[in-house]
Amino acid sequence: MSERNVIPIQPLTDAISASLFAAPVLAGLRKSVPAVAFRAPDPADEERWRRHAIGGRTYRVAQPVTFTPYASAQPCSARCRFCSETLIEAGGARPSSALRPGPGYFAALESALEQLRGLPLSYSLSGLETTDDAGWMGAMLDILAQHAAVSPVLNRVLYTNGAGLAVAQQGEALTERLVDFGLDWLELSRHHFDAATNQSIMRFRPGVQVQHQPAFSAMVQRLAGRLNVKMVCIVQEGGVAQTADVLRYLEWAHALGVRSVIFREFSKLDDSYKDNVTARYIGNARVSMDSLLAQCLATTEFADSFAFEQVTEGYYFWNLVGRFRDMNVTFEASDYSQMHRQHNSGDVYKLVFHANGNLCADWNPERHVLLAAERANG
Ligand code: SF4
């Protein structure tokens, strides 16, 4: 069973279209979108919710729901200028990215998963860079695999900048580890086809090999032979910002053997975030997905080779998926104010296990705590 069995897909009518997050975008399209995937559950549709007890309290949990063991064993190998992990919430709690796992971490992770036994989950491996610490990653995957042997796990996805996967020998071993783990796909961040421009955005630390084009290309070609690779490009001023950039990016990814590309807009921020250097960069460099998509569809070279397949209604994002020649291409945008609204609803839309040992229904390690560290360790 995978998430595809849980998420209803329906023909997209005008009435449905007008009710979606993507309504303004859909209304402006010259091409119609045939179908909609309701990834976010209707609050009134009991079939899309599970009641599950965690720490002695029963919650209503969305289906599908993703579980993230937040990777923060060490600082990230990159320092992306827009990194959402460096956004600071005005509330003042230490962000998850600043927490490091202590000696009780893996036991606490096992305890948290024990509480989730029987609840269908998908694994979403993200946070800082999971592959930067191969030891932590291997131990974490072992625990997740043990859980999957006794409890339903629908999908397994890794979000990565590729740093650990591009290291000779270690990268090959990690790749095989991910194949054995049953990874459904990995989302590989690369924000420009030109390595120097990409480095000006991602700012990999000195000595991190993946920043260089030969190391990156060799890694992608190896990964594409073993795993389903989706390349992720966050569109931005100074990076991929125009139709010509989109076309070049697709051509470049295709030559590396990649057949899926996701173009993503910076998440829209609400006023819960402090006005720090990252928030200002996001504000200044934002390229709106609506306008980029409109621009692409107004360009014959793109529009003549592109066909929409579906729109996805997420709980705080939308995306439009289509075929460009033999590639899957996704245009996506998200909104943190909507995410916070849903997380504050009392229902559980997301599960995050933080390095402080808290299992939360939020990315903030002190908010919507479902299982506190002491209890997990106790
Ligand atoms: S690779 Fe991800 S976690 Fe690392 S700096 Fe970039 S956005 Fe942040």
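Reply: Let's start at His368, which sits in the loop between strand 14 (359-360) and strand 15 (369-371). Helices (H or I, at least four residues) and strands (E, at least two) are DSSP runs here, numbered from the N terminus. Residues are numbered from 1 along each chain as its sequence is written. Please keep in mind that this is a predicted model: local features need pLDDT of at least 70, side-chain atom pairs count only at pLDDT 80 or more, and totals for chains, interfaces and linings use all residues.

Most residues other than glycine have a negative phi, and most peptide bonds are trans. His368 has 20 C-beta neighbours inside 10 Å, so it counts as buried. The rule is that a residue is buried if 20 or more other C-beta atoms lie within 10 Å of its own, exposed if 12 or fewer, and partly exposed in between, with C-beta atoms placed from the backbone.

For a comparison, turn to Gln169, in the loop between strand 6 (153-160) and helix 5 (170-181). Gln169 also has a positive phi, about 65°, although it is not a glycine. However, Gln169 counts as exposed, because it has 7 C-beta neighbours inside 10 Å.

A cis peptide bond joins Gln63 and Pro64, with omega at about -5°.

Now for the setting of these spots. The chain has 13 helices and 15 strands. Its radius of gyration, taken over C-alpha atoms, is 20 Å, close to the 21 Å that the globule rule (2.2 Å times the number of residues to the power 0.38) gives for 378 residues, so the chain is as compact as a globular protein of that length. Of those 378 residues, 42% count as buried.

Helix 10 (residues 289-297) shows how burial can be arranged: Met289, Leu292, Leu293 and Cys296 are its buried residues. Seen down the helix axis, they fall within an arc of 100° (the arc of the directions from the axis to the C-beta atoms), so they line one face of helix 10. These buried residues pack against helix 2 (23-27), helix 8 (243-255), helix 11 (300-303), strand 11 (317-324) and strand 12 (327-334). Contact here means that the C-beta atoms of two residues, placed from the backbone, lie within 7 Å.
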